Amino acid sequence: MELLAFGDTGWGDELFYATLMTIAVSITAMIIGFLFALIFTPLKLSKNKFLNFIANSYTTVIRGVPELLVIYLFFFGGTGAVMFVASIFGYNEYIEINAFITGAFAIGIISGAYSTEVFRGAIQSIDKGQFEAANVLGFNKFGKFFKIILPQTLRLAIPNLSNVWQITLKDTSLISVTGLVEIMRQSYIAAGSTRDPLFFYSFAAALYLLLTFVSMKLINRLEVKYSRGY
Amino acid sequence: MDLELMINSFPKLLSAAVITLKLLSVSLIIGLLIGLFFAILRLNKNIFINRFAYGYSYVFRGTPLLVQIFIIYFGLGQIEYLRSTVLWVILKEPYWCAIIAFALNTGAYTSEILRSAFQTIKPGIIEAGKSLGISNKVIFYKIQIPIAIRQSLPAYGNEIILMMKGTSLASTVTIMDLTGVAKYIISTTFKPIEVFIVAGGIYLFMTFIIHNVIKFLEKKYSFN
């Protein structure tokens, strides 16, 4: 227990902040994922073959390639890409990108591919009559989307989005390879300096279990809220 | 684009893909047995056995695979007693530690897939078997299991692909699988995009093959 003490003698406070970091990265990645889904879901549903192809390649590639490989691409490639852009503007110094941004972006792109599939499925499973009814009632495009389609989409998408959240939360453990101090990295440091890997990795597992458990409870409430009337 | 690097690294990455496939196939076979075992426990009416099986799948599905590998590879070596047993021959090898972690992980997911497949079998089918005078054992092996396998094929296909991506974590415990070799080439040449295209292409090709094999099996075993 003294290993978990707060302050200089134990690892309690370090692990606490690491847990907050994991939550922060997961939420940021999830939001980035939503932004990607916002762009790619319409492309997937579009009738244009070329736009379809772009969206399909995005989801297929990301879902078929290991997360770790994507993270390495961003970790090693991100700095190079930013420096290349900067060199066009005449800035040739070394630029280091924040590990948080790289990690959240890499996980966000992965999470976005899953979210896109979820939203596509949800929108496609909405009855055609709903679209037609909205047209008949004279809703304009925005009204139709925000008042009629989106609320129904959310109800259908939330159970699957909770799966995406779980995947995203667990994927953040992979960012530890880039040196961002989240739960996994902190446990690695603590295990190395105390030579007690069994304890610290088991504790990390318990922290992840706690996070998934609590978030499931919260999502279940959301699910109830959005399925009022059904 | 450095085409020369892409061509040169292709054979290296291809031979590393063989290790990835080995890791995948061995852990899938062990994982399937574990999954079947725990799925049967989940169907048991005894509440303790039931809870135990649920707890297993909950813990392994609720924690990242990376933690599981690290507990088995770094953690178990810490127990002095284990070092003196025969088990140590297996546990000191990173290759077997990775396989144990993968098998336990995929076993947890497989048990959930099989459980839901068993539960969706219509009671009428089992009753029909009973009224024909078939013994419970034969009903289980000849009727329930084949139907459950057919039911669970699509979900299990996804699990195989997820597991193939999961084997990339073996590179964190010094195994030179496809991701491990890719990372090595990236860190020595600093050309991440080229290596990503080749390694990612090999992964995508394997995904494509698995996807089509599962589709073929689904068609072959479909009810119509």
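Is Phe190(B) buried or exposed? Phe190(B) counts as exposed because 12 C-beta neighbours lie inside 10 Å, and 12 or fewer is the cut-off for that class. This is a predicted model. Chain A has 8 helices and 0 strands. Chain B has 10 helices and 0 strands.

**Chain A overall**

- Along the principal axes, the C-alpha atoms of chain A fill a box of roughly 70 × 50 × 25 Å.
- Chain A has 230 residues, and 37% of them are buried.
- Take the contacts in chain A between residues at least 6 apart in sequence: 72% of these join residues at least 24 apart.

**Chain B overall**

- Chain B runs α-α-α-α-α-α-α-α-α-α from the N terminus on.
- Its C-alpha atoms fill a box of roughly 70 × 50 × 25 Å along the principal axes.
- Of the 224 residues in chain B, 37% are buried.
- For contacts in chain B with a separation of 6 or more, 79% come from residues 24 or more positions apart.

**Helix pair in chain A**

- Helix 6 (residues 141-171) and helix 8 (residues 197-226) of chain A have axes that come within 10 Å and cross at roughly 170°.
- Helix 6 of chain A and helix 8 of chain A are therefore roughly antiparallel, since the angle is over 145 degrees.
- On the helix 6 side of chain A, the contact is made by Leu154(A), Arg155(A), Ile158(A), Pro159(A), Ser162(A), Trp165(A), Gln166(A), Leu169(A) and Lys170(A).
- Helix 8 of chain A answers with Tyr208(A), Leu211(A), Thr212(A), Ser215(A), Met216(A), Ile219(A), Leu222(A), Glu223(A) and Tyr226(A).
- By class, the residues of this contact between helix 6 and helix 8 of chain A are 11 nonpolar, 4 polar and 3 charged.

**Helix pair in chain B**

- Helix 8 (residues 136-166) and helix 10 (residues 192-220) of chain B have axes that come within 10 Å and cross at roughly 165°.
- That angle makes helix 8 of chain B roughly antiparallel to helix 10 of chain B.
- The crossing of helix 8 of chain B with helix 10 of chain B is right-handed.
- Helix 8 of chain B contributes Leu153(B), Pro154(B), Gly157(B), Ile160(B), Ile161(B) and Met164(B) to the contact.
- Across from them in helix 10 of chain B are Met206(B), Thr207(B), Ile210(B), His211(B), Ile214(B), Leu217(B) and Glu218(B).
- The contact of helix 8 of chain B with helix 10 of chain B has 9 nonpolar, 3 polar and 1 charged residues.

**Where the chains meet**

- The contact between the chains involves 29 residues of chain B and 26 residues of chain A.
- Four elements of chain B each supply at least two residues of the side that touches chain A: helix 2 (47-62), helix 3 (65-75), helix 9 (178-189) and helix 10.
- Helix 10 of chain B gives the most to that side, with 8 residues.
- The side of chain B that touches chain A divides into 18 nonpolar, 9 polar and 2 charged residues.

**Core and buried residues**

- The largest nonpolar core holds 105 residues.
- Within this core, Ile71(A), Ala204(A) and Ile69(B) touch the most other members.
- Beyond its neighbours within four places in sequence, Ala204(A) contacts Ile183(A), Met184(A), Ser187(A) and, from chain B, Val67(B).
- Ser9(B) is found in helix 1 (residues 3-43) of chain B.
- Ser9(B) is buried because 23 other C-beta atoms lie within 10 Å, and the class needs 20 or more.
- Ser9(B) and Ile185(B) are 176 residues apart along the chain, yet 7.8 Å separates their C-alpha atoms.
- Leaving out neighbours within four places in sequence, Ser9(B) is in contact with Ile185(B), Val195(B) and Val198(B).

- Most residues other than glycine have a negative phi.
- Phe190(B) is not a glycine, but its phi is positive, at about 55°.
- Phe190(B) lies in the loop between helix 9 and helix 10 of chain B.
- Arg195(A), also a residue other than glycine, has a positive phi near 55°.
- Arg195(A) sits in the loop between helix 7 (183-194) and helix 8 of chain A.
- Arg195(A) counts as exposed, with 7 C-beta neighbours inside 10 Å.

Notes:
Residues are numbered from 1 along each chain as its sequence is written. Chains are lettered from A and ligands numbered from 1 in the order in which they are written. This is a predicted model: local features need pLDDT of at least 70, side-chain atom pairs count only at pLDDT 80 or more; totals for chains, interfaces and linings use all residues. Axes are lines fitted to C-alpha atoms, for helices over the stretch in contact, and angles run from 0 to 180 degrees between N-to-C directions. Angles under 35 degrees count as roughly parallel, over 145 as roughly antiparallel, 65 to 115 as roughly perpendicular and the rest as oblique. A crossing is left-handed if the near helix is turned anticlockwise from the far one by less than a right angle, and right-handed if clockwise. Two residues are in contact if their C-beta atoms, placed from the backbone, lie within 7 Å. Ala, Val, Leu, Ile, Met, Phe, Trp, Tyr, Cys and Pro count as nonpolar, Asp, Glu, Lys and Arg as charged, and the others, Gly among them, as polar. A nonpolar core is a set of buried Ala, Val, Leu, Ile, Met, Phe, Trp, Tyr and Cys residues joined through C-beta atoms within 7 Å.
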